[in-house]
Number of protein chains: 2
Amino acid sequence: MLTHLLVSALALAVDSPASPQPGTMAAVLASSKPADWRTLDPENTLYLELAAGRVVIELAPAYAPNHVANVKALAREKYWDGLAIVRSQDNYVVQWADPEAENADASKKRAIKTAKPTLPAEFDRALDSKLPFTKLADGDVYAREVGFSDGFPVARDPRSKKTWLVHCYGAVGAGRDTATDSGGGTELYAVTGHSPRQLDRNVTLLGRVVQGMELLSSLPRGTGPLGFYEKAEQRVPIKAIRVAADVPESERSPLEALRTDTPAFRRLVESRRNRVEGWFHAKAGKIELCNVPLPVRRKAP
Amino acid sequence: MLTHLLVSALALAVDSPASPQPGTMAAVLASSKPADWRTLDPENTLYLELAAGRVVIELAPAYAPNHVANVKALAREKYWDGLAIVRSQDNYVVQWADPEAENADASKKRAIKTAKPTLPAEFDRALDSKLPFTKLADGDVYAREVGFSDGFPVARDPRSKKTWLVHCYGAVGAGRDTATDSGGGTELYAVTGHSPRQLDRNVTLLGRVVQGMELLSSLPRGTGPLGFYEKAEQRVPIKAIRVAADVPESERSPLEALRTDTPAFRRLVESRRNRVEGWFHAKAGKIELCNVPLPVRRKAP
């Protein structure tokens, strides 16, 4: 009786059983070729190191080039080391930042050295033929077109000729104040609940969590307004945030992600649109963007 | 800089500031009348009591009458008392059950007294003019029509003349094995991640969490397959599950929910479809079913 709900809706880590049933995601992955996978670029991968373990974030320089560059600069000057996760709001986001960022006494704040404190927003970018796009055929409530671009869920509007990253579970963005140019990456958040798509094009998204999401999503919820922790000791200390390329190779997390521009990926989407597993009585026939798994696995040595 | 992302996407508990900005959800709630709210029926409210606090579940007898009756019978025979939350799978569900349910030695299992061990599925029900329905105009990827029925997010298919509860964050359902009639309510789950809509019409949903969701969603994720806890000591003990009507009135959680069939609720949906708060740069113009807040508040004494 405990083997209910047999297949996770969003399994980030994928283990293939020995003989997976044809038509399942496990079968698609088992039959995938090495060329169906891409190694995460260490120059565009962040490690958020917590006492509980490592959260791996893939950055999206194609969509937020200035924010990605700034976040890497912040990591390289060790801006976040010793700062903390300050907020955990149920069904919404966790957020990490300098807890003293609003202190009137500037000497209490973490100094920014080489990076920029704020940046112009990168809420969307011009549609560009160089950006890969695998369209999802099933439609979307919020955008005219949705699909995948180099492993990221994205939306497009052919009329305004814009494209943008969307707020699916695990999306990472740069918090900001009311002014659209008041963010820049010093405060980052990750989505921990149902996709808050109303935030699309309101915050600069710059990446997504590809491993260790459970270290963020299972944090106690803050009891202050907006889920901020009310006491300093409730905050979750950040040991370090590093660009993977700066970490000795032996200490890196060698990950590869399923490409999203291949027939294998299209088969994966179909395997989730119409579930062939015997447990499923009603096949949805459709799939919503944020329910499409984006598999990541340990790279074979 | 810490006041980012000002309004929760899904605030279950709603506090209205003194002078909320017109057009915001806070303003809609501040101007609501007592008749815009309905008191939760103690006969159709469950309290899941954990060491960390109480989780309040509103049951949906209009959609799953047999499962609701059986779950109440199980609560009344104290079936779950001393059992446990056995599973927490990231971005999916938590599940509570008898950890010994699959023990070959039947004497190890929690006995079922007056309730039924299994029931025929109640995946959907016939469209019935007596069921209230407030249609959401924004469409849906999975269903022809979606909206709200007595406080529950629901879908409808006018062609097959069926309606069903949907898997939004906090939805509570009856786990089952492969056979559709193998559930019955002894094992329940609650959705803790992005809405797994592929489960719609595959599991009998019977209610939703209206308070205390964070007690479930922040539980450590299980490290076994499907997020099951691997060690007995990792499970989260259930002190008791009670029908609210059976709890002394002084110990009840007096809650009321915003009705979903009123002009006030339509204004609330509009306040979330197009956010007037100054922080929002791009108004979505649309809202997806599971992003519509369903406010619940403490009933004034």
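In chain A of this predicted model, nine strands form an open, antiparallel sheet in the order β14-β4-β5-β12-β11-β13-β3-β2-β15. Strands here are DSSP runs of E with at least two residues, helices are runs of H or I with at least four, and both are numbered from the N terminus; two strands pair if DSSP finds at least two bridges between them. The model is predicted, and local features need pLDDT of at least 70, side-chain atom pairs count only at pLDDT 80 or more, and totals for chains, interfaces and linings use all residues. Residues are numbered from 1 along each chain as its sequence is written, while chains are lettered from A and ligands numbered from 1 in the order in which they are written.

The edges of the sheet are β14 (236–237) and β15 (240–243) of chain A, each of which pairs on one side only. Four bridges join β15(A) to β2 (residues 45–50) of chain A in the antiparallel sense, and Glu49(A) has Ala240(A) in β15(A) as its bridge partner.

Turning to the two chains, 60 residues of chain B are in contact with 60 residues of chain A, contact being C-beta atoms, placed from the backbone, within 7 Å. Of the side of chain B that touches chain A, α3(B) supplies the largest share, three residues. A rotation of 180° with 0.0 Å of shift along its axis superposes chain B on chain A (RMSD 0.0 Å), by least squares on the C-alpha atoms of residues with pLDDT of at least 70 in both. The two copies are thus related as by a two-fold rotation axis. They meet through the same surface, because 100% of the interface residues of chain B are also interface residues in chain A.
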